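Load the model in a viewer and keep the sequence panel open. The tour below goes one selection at a time.

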Amino acid sequence: MNVIETSGLSKSFGNIRSVIDLSLAVPAGSIYGFLGPNGAGKSTTIRMLLGLVKPETGTISILGNSVNRLRNQALNEVGAFIEDPDFYANLSARTNLEILGRLNGGISAERIAQVLTTVGLTARADDRVKAYSRGMRQRLGIAQAILGQPRVLILDEPTSTLDPAGIRDMRHLILRLAREENMTVFLSSHILHEVEQMCTHVAVIDHGRLIRAGTVAELLGESGKIIFEIRVRPLEKALSIISAELDTRPTDVSGDSIKVAASREAIPGVIRRLTAARVAVLAVIPRTSLEDYFLALTAGLTE
Amino acid sequence: MTALIYNELIKAFSKYRTYISFAAILVLLPLVLWGFSVGGGHMQRDIEQQFGDQFLFVGTLVNGFMATYITMNFLWIHIPFLITLLAGDIVAGEGAGGTYRIYLIRPVSRLRIILAKLIATYLYTLMVIVFFALMSLGLGTIWLGQGDLAVVHDGIILYSAADAFWRFLLGFAFSFVNLLVVASLCFMFSALVNNGIGPIIGTMSIMFVGLAITNIPIDFFDALRPWSFTTYFNIWQQAFHDPIPWGEIISGLAILLGHSLVFAIIAVVVFNRKDILT
């Protein structure tokens with residue numbers, strides 16, 4: 001079952017076509033990464049999912065309810081935040097959540113305390129939000145998103161303003177929510193390493209159009225070649241053997257490490273050639289990342 | 001709906017600008033009343049010199065009712081601007097502040113949210129006029145006492161304290177309708193833009209043009225005058241006419257409420273169709 005479905009979604013601002021004929025299907029229980037370079041149309045798509053921006057054409061359904069026609073029902077079990085969320089700065093985090101809770105039909109004080117604990121803001125819950133750091137606001141953003149115990153969580157750049165420790169905490173929090181609260185998570189991010197660690201599915205859009213969509217494993221295996229890191233001694237001798245055997249140049253060389261693009265089938269032959277030439281093979285590590293894939297895809301290099 | 005209106009009032013009263021109207025009235029009216037208490041003797045003597053051959057004065061005409069009446073006369077153009085502080089910000093301010101991104105993604109229709117904002121704006125308007133009444137009529141009668149009220153309209157009319165009191169209540173009610181038009185106009189501008197200053201400037205500009213049409217005696221403006229809502233801004237004064245011209249008042253109030261309704265409908269339609277990009 002798909003929790004979120006869009007079909008033929010399009011939106012223009014003036015002469016700029018922000019989203020073009022976008023069709024997505026987000027399976028229940030997935031953590032769905034929505035990737036694209038700046039200006040690709042990610043935020044516009046998310047705003048359309050949440051009813052903030054009205055699509056020109058196309059349909060959106062969330063949990064089987066049309067956002068266009070039954071917006072309130074569609075958003076009833078959705079929690080979300082969009083890019084560096086802003087709050088009522090003169091009010092405390094608790095009062096902010098009380099205000100937002102009233103829009104969800106009334107949220108108990110216990111539930112508010114619970115979400116504040118979940119995001120680690122209990123100690124500062126009664127401070128005015130204007131005294132919060134950006135990281136704290138980001139966590140409060142998650143708190144308001146999960147306030148109504150949604151089945152679907154839509155997050156636009158949830159880690160964009162966080163420091164490394166904050167990014168790690170946010171990743172753990174999202175994974176915990178997905179597992180323990182059985183939420184389907186749809187998130188956009190620029191931090192591809194994070195997406196790779198979190199997501200089960202990925203869609204890539206560029207210039208408003210969907211380029212690829214599928215499971216992370218499917219997409220990474222798609223090009224046939226992946227990046228291998230081969231650690232060898234001596235390096236110079238190994239370099240010439242690898243370049244000759246694979247008929248390609250390494251993507252990176254440093255210390256005793258050579259990174260090279262190759263198919264999985266080619267690697268045993270390379271190792272045989274290296275050992276035959278008395279080159280010590282210390283390790284062979286597959287290093288292909290979503291980032292490599294994404295950069296190749298959006299630069300038009302794949303295929 | 002009550003919860004949504006409550007939300008709007010909490011948000012509004014978390015901002016300092018919301019209190020400026022009350023602070024202005026709190027400072028201004030006691031100053032005016034103090035002026036009456038200090039200079040009241042001169043004023044009484046002037047009135048006695050001018051009308052002493054026609055009236056026999058017993059006691060003083062300089063009382064809380066006279067102070068309130070005079071204050072209302074020179075503040076009825078300025079008080080509307082105090083209303084714009086909230087009306088201009090209540091829709092646009094959230095756009096500028098980016099809070100619609102957390103507020104409008106919840107299972108509540110935009111129609112209910114904009115209506116809650118409109119009602120909160122009207123409640124604020126009511127609070128301002130009630131506070132003005134308390135600070136002028138309430139404090140004035142405590143400070144300067146009660147007595148007859150002299151009103152100049154086709155001659156001099158003297159109202160007893162009891163008569164004056166309910167006419168003031170009527171006058172404040174009519175003033176509230178005046179202020180609703182200004183609040184609705186500013187609210188409409190607030191729905192059109194994403195900053196809190198534009199609606200105030202827009203409303204002030206319309207007010208200036210309207211007041212020019214109303215008050216400048218040029219033939220060309222005669223045709224425009226019935227269509228400008230500012231023409232009916234002095235409707236509160238008709239509560240002090242004798243007899244009260246109910247026909248004129250009702251048609252004036254209907255025109256003012258009609259303007260309010262049109263401005264409010266435009267605001268609702270614009271807000272419902274608006275893409276939230278901030």
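How many of the 278 residues of chain B count as buried? The share is 40%, where a residue is buried if 20 or more other C-beta atoms lie within 10 Å of its own, exposed if 12 or fewer, and partly exposed in between, with C-beta atoms placed from the backbone. This is a predicted model, in which local features need pLDDT of at least 70 and side-chain atom pairs count only at pLDDT 80 or more, while totals for chains, interfaces and linings use all residues. Residues are numbered from 1 along each chain as its sequence is written, and chains are lettered from A and ligands numbered from 1 in the order in which they are written.

**Chain B, whole**

Select chain B. Its C-alpha trace spans about 70 × 40 × 25 Å along the principal axes. The chain has eleven helices and two strands; helices (H or I, at least four residues) and strands (E, at least two) are DSSP runs, numbered from the N terminus. Of the contacts in chain B with a separation of 6 or more, 78% are between residues 24 or more positions apart. A contact means that the C-beta atoms of two residues, placed from the backbone, lie within 7 Å.

**Chain B, helix H9**

Select residues 198-215 of chain B, which are helix H9(B). This helix has 18 residues and reaches 25 Å from its first C-alpha to its last, close to the 26 Å expected at 1.5 Å a residue; the expected span is 1.5 Å times one less than the number of residues. Now pick out Pro199(B), Ile200(B), Thr203(B), Met207(B) and Gly210(B), which are buried. They are on the same side of H9(B) because they cover an arc of only 100° around the axis, the arc being that of the directions from the helix axis to the C-beta atoms. Ser205(B) and Phe208(B), on the other side of H9(B), are exposed.

**Chain B, the hairpin**

Next, select strand S1 (residues 149-152) and strand S2 (residues 156-159) of chain B, which pair in the antiparallel sense over four bridges. Two strands pair if DSSP finds at least two bridges between them. Leu149(B) stands opposite Tyr159(B) in S2(B). The two strands S1(B) and S2(B) form a hairpin with three residues between them, and Asp154(B) in the turn has a positive phi of about 50°.

**Where the chains meet**

Show both chains. In all, 23 residues of chain A are in contact with 19 residues of chain B. On the chain A side, helix H2 (71-75), strand S6 (78-82) and helix H3 (93-103) of chain A are the elements that give two or more residues. H3(A) gives the most, with four residues.

From there, go to helix H1 (residues 2-12) of chain B, whose buried residues are Asn7(B), Glu8(B), Lys11(B) and Ala12(B). These fall within an arc of 130° seen down the axis of H1(B), so they line one face of the helix. Their cover includes H3 of chain A, together with H4 and helix H7 (110-144) of chain B.

**Chain A, whole**

Select chain A. Its C-alpha atoms fill a box of roughly 75 × 45 × 35 Å along the principal axes, and buried residues make up 41% of its 303 residues. Colour domain 1 (2-219) and domain 2 (223-298) separately; these bounds come from an automatic or database domain assignment. The centres of domain 1 and domain 2 of chain A, taken over C-alpha atoms, are 39 Å apart.

**Chain A, two sheets**

Which strands form the mixed, open sheet of six in chain A? The order is S6-S7-S8-S3-S9-S10. S6 and strand S10 (209-215) of chain A stand at the edges with a single partner strand each, so one side of each has no neighbour in the sheet. The twist averages 10° from one strand to the next, with axes fitted as lines to C-alpha atoms, for helices over the stretch in contact, and angles running from 0 to 180 degrees between N-to-C directions. Inside this sheet, strand S7 (residues 152-156) and strand S8 (residues 184-188) of chain A pair in the parallel sense over five bridges, and Val152(A) stands opposite Thr184(A).

The other stop is an open, antiparallel sheet of four strands in the order S2-S1-S4-S5 of chain A. Its edge strands are S2 (16-27) and S5 (65-66) of chain A. Strand S4 (residues 57-62) of chain A pairs with S5(A) over two bridges, and Ser61(A) stands opposite Ser66(A).

Finish on helix H1 (residues 42-49) of chain A. H1(A) lies across S1 (2-13), S2 and S4 of chain A, at about 120° to S1(A).
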